[in-house]
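Please look through the sequence and the model shown below before reading on. The report that follows takes up a few selected parts in turn.

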Amino acid sequence: MTTNTRTITYDDASVRRFMIASIAWGLIGMLVGLICATQLSWWQMNGKFLETLTFGLFKGDGVAYLTFGRLRPLHTNAVIFAFVGNMMFAGIYYSTQRLCKCRTASDILSIIHFWGWQLIILSAAITLPAGFTRGKEYAELIWPINVAVAVIWLVFAVNFFWTLAKRNEPSLYVALWFYIATILTVTMLYVVNHLSLPTSLLHSYPIFGGLQDALVQWWYGHNAVAFFLTTPILGIMYYFLPKAANRPVYSYRLSIIHFWSLVFIYIWAGPHHLLNTALPHWMQMLGMLFSLMLWAPSWGGMLNGLFTLRGAWDKLRTDPVLKFFAAGVTFYGMATFEGPLLAIRPVNALSHYTDWTIGHVHSGALGWNGFMAAGMFYWLAPRLWKTKLWSKTMADFHFWIGLVGILIYVGSMWAAGITQGLMLGTLNPDGISMKYEFVETLKKIQPEYIFRSIGGGFFLFGFILCAINIVMTARSGKPVDDTVEVNVPEKTYDRLALSKGLTNDPVLHILIFILLICLWFFLPPHADKAALGLAVIIAIKAIVDFKKDPKKWDDWHERLLHNYLPFTVLVGIAAAIGGSAQIIPSLIVNTDKNVEGRLQELYTPLELAGRDIYVSEGCYNCHSQMIRTLKPDVMRYGRAGHSDDYSHLGESIYDHPFQWGSKRTGPDLAREGGDLVKGSDLMRSGKRDNKWHWFHFRNPRWANEDSNMPSYAHLYEAKTDFKALPSKIKALRNLGVPYPYPAMTKDDIDEKAREQAMEIAKSLFEGGTPVSYDGMPKATSAELVNTFSERQIIALIAYIQKIGAYHEVNHDGPVEPKTLDPDSYRRASTPTDADSKKTTQIGN
Amino acid sequence: MSDTSPEDKQVRRGNYAQSKNEIVLREHEYDGIQEFDQKLPNWWLFTLYIAIGWTVVHWCIYYYTNSIQTDQQRVQAEIVSVEQQKAKALEETLRTLNDETMLTKWVPDPAVIAAGETTFTANCVACHGADLSATMTVDGKSYPLPGLSLVDGQWKYGSKPMDLFKLINEGTPADSEGHNGARMQAWGQVFSPKTVAEVTAYVISRNPKDFGLSE
């Protein structure tokens, strides 16, 4: 190989920019998180505290912009996309240049990437507290920002792959594999989960509804954790950890195995966020089983990290960087052990909807992401500014206070989650009633909530020290870009034709095996067993072939690493299979036409307006709308006399977005609505009547002094957007919700909405004991009716009274097996099994 | 740090590591980073294999044998059993509970009244008021609450002790307009018959005259 050398200067300015942005946004994101944590302990933190701070100048029970439902999305988006996002970009820009031995392809693209990303974050920080949201977790940003994210991500992708194409290092190092997986998969996840139909510049409906939206959301949500918070950080670990330890990576072949298995298996595990819900059983089963299979691949990453430190453990005593890395990787191992555990359906029955989940994500977010970030910052800063770390003592202190903070945080959330989960499932000795009211369980875990805030406060304090340390380090040196001489090898790599990269023994064996496994899931009885048999045969054949000549497969992978394009395509295929195998069958099978039993009633225009307010206020951050197929859930939230009163998938099938929720800080609301009030064809009354809601939204402490729900006083002033309703209904119609639009004209919609609003307002302000409003003490009841019929509180009450309304549809005849629906094969094979068909009435 | 002999470098890594049972340091370096090529830990491989095996076994058991109930079947059976127990408990309570025993046995029992008051305070005061007047007082001003007053001497749905019990147990009757449209939920869904009886006793104890008791 003849080589010539070239002198290149790395673009380290971009790395410095991203790093500083990450620290700045990290501080903000964590501070918002801390505020959110205190809001669960003291409802006054939703804005009332300003009264004390301003010595009474500010008056009111809360500030809309500061309510928990709006701030929590700001916290999650800020720490995920702003803190970890910028950190990841810093790490990727730094290491990719060095692993490719060339400067990033385009300085202009780097600049656009940086400033575009910061603008996106800024716009998120404004729109989220203002209540502009899509109502899906970690996918809250409104559609114009979604478009901007996609464009900027594409800029990043082009810049990255262009750099790969220009590289002066023939072979791709394992860190780059993980970066490739990150870029490809995040693109796929983000685009699909953000497909929406705009109704205005600031509002849109997701194109999927009900369980399909739930499925797509958690395919995205789970894999955002995988491919935004895990794979890029694993890549960063593979570069920075051996550098800092000055030790070779533990095992190259472990890298290969755990990389490919991680990328392939992770994607399937999304439904474990929806266990015991109305999601069809086969998907729940895949979610659980793939989560268990994911344990080993995840631990592969941890082993490669920790075992690389073998022979360097003594350095941990002196080097804060290695302390952070070692602890970070350990937390990764802990979180990825806990993950599969929580994905086991009976365990999940206890943990889901409680703070155990919150503890779980924070052992990953604080321990893995936060500590890996800190380690990387402390390693980078002296190199980027050509100086020494300003204070090693301070970095050490950051480590210890951060570690204590995480342990307090995670420990208290375990305690809170398990306590609440057990209490919610506890029956009285009589065996027929629940022992605890929901609020009692909330009150019980208040000490844990306070400890959580303390733990989070410790962590934030440590991070402030980190920020100071990095700033002082930067000030003590000056920004210098590394200049190195590199060998420019002869271009013998990137020559493999794509078709050759894909058609060879290892790839074909594996793809055929996976195809057969998918057929096993979906083929009708007996054909599926044949597919399984064939899959086993193929697997044996592959093993035999491999054993016969391991070098052949070895060489192939080696060659793949010299050809980034076929490698990238294969990563894309591996990552695309799991989602396709779940989402496409569900889109085909789980439609309203196939629903047996309960089918959702459509929202009236006013109820729809109210639902959009519910979404906009972020109610889903505390309230679920999903009664799981679990005894305590059905007993607590189901109606008396209905033995099958768990949530059925048809009940929310027209919900864009779905609102099943992921945690219960308040009770489930799936049965909050009810039947039409006698003599009305619009107004409904559910578990509680209109007046109850009127008092409760104003001051939740009225109903129960231990409630930590914010006051929603601002909804009594804000006006309902009647004008937007026709375009919203039209959009939903286009998405398949069977509104009789355009037969229903704009005027009809407006008239109907106002009629229902008047009716609800009258039920509040007329009659023997009308409610009053302290904002209008002298108003007559007619004035109050007129004023409030246009206000958001009425629309929201209309929606609350509708939640869960359905009618029965029953197709006669035996259960027919449906293609692509494994559950229907099972049902069809046992005709007596009428699990979801019959409504048993008991006790009436 | 590279301490591999030149001989190692010529041997292919996979075969070499297996046959010699030694650790190989791969010769290629990426920006100064080297890689060992350790064999995969056996326990790690086994966790992967066991999980894969379990996937096949679990799927087959569920979809081929029908030996595991569906979630819906399971929970429905559990709830049916609860409903039956509830019906039985109600029946048993009603066997000894009637207008007379309520007044002679339940109301005079301080333990019953205390339990009833606890339940009432936790669940009923929002609508009926702490003083049962269905009003709340804020800054000296009185505001009506959604519920009916329970101290005004009027018993809209019947003035016998068991009328009250039935009302609390089953909620506002389906054919009633409710109180200015407001309807009470069926507390029997949440509470056992005994608890409902205790709350009933508590309400009666606050209105002794209406039920012919001395104060």
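How many residues of chain B are in contact with chain A? In this predicted model, in which local features need pLDDT of at least 70 and side-chain atom pairs count only at pLDDT 80 or more, totals for chains, interfaces and linings use all residues. Residues are numbered from 1 along each chain as its sequence is written, while chains are lettered from A and ligands numbered from 1 in the order in which they are written.

## Where the two chains meet

The answer is that 62 residues of chain B are in contact with 69 residues of chain A, where contact means that the C-beta atoms of two residues, placed from the backbone, lie within 7 Å. On the side of chain B that touches chain A, two or more residues come from each of α2 (13-20), α3 (42-65), α4 (71-96), α7 (125-128) and β2 (141-144) of chain B, and α4(B) gives the most, with 14 residues. Helices (H or I, at least four residues) and strands (E, at least two) are DSSP runs, numbered from the N terminus.

Sorted by class, this side of chain B has 30 nonpolar, 21 polar and 11 charged residues. Here Ala, Val, Leu, Ile, Met, Phe, Trp, Tyr, Cys and Pro count as nonpolar, Asp, Glu, Lys and Arg as charged, and the others, Gly among them, as polar.

## Two helices of chain A

Helix α11 (residues 320-342) and helix α14 (residues 392-425), both of chain A, pack at an angle of about 20 degrees, with their axes 9 Å apart; axes are lines fitted to C-alpha atoms, for helices over the stretch in contact, and angles run from 0 to 180 degrees between N-to-C directions. α11(A) and α14(A) are therefore roughly parallel to each other, a term used for angles under 35 degrees.

In this contact, A:Pro320, A:Lys323, A:Phe324 and A:Ala327 of α11(A) meet A:Lys392, A:Ala395, A:Asp396, A:Phe399 and A:Leu403 of α14(A). By class, the contact has 6 nonpolar, no polar and 3 charged residues.

## A residue in helix α10

A:Met302 is found in helix α10 (residues 281-308) of chain A. Because A:Met302 has 22 C-beta neighbours inside 10 Å, this residue counts as buried, for which 20 or more other C-beta atoms must lie within 10 Å of its own. Leaving aside residues up to four places away in sequence, A:Met302 touches A:Val329, A:Tyr332 and A:Gly333.

Methods:
A residue is buried if 20 or more other C-beta atoms lie within 10 Å of its own, exposed if 12 or fewer, and partly exposed in between; C-beta atoms are placed from the backbone. Angles under 35 degrees count as roughly parallel, over 145 as roughly antiparallel, 65 to 115 as roughly perpendicular and the rest as oblique.
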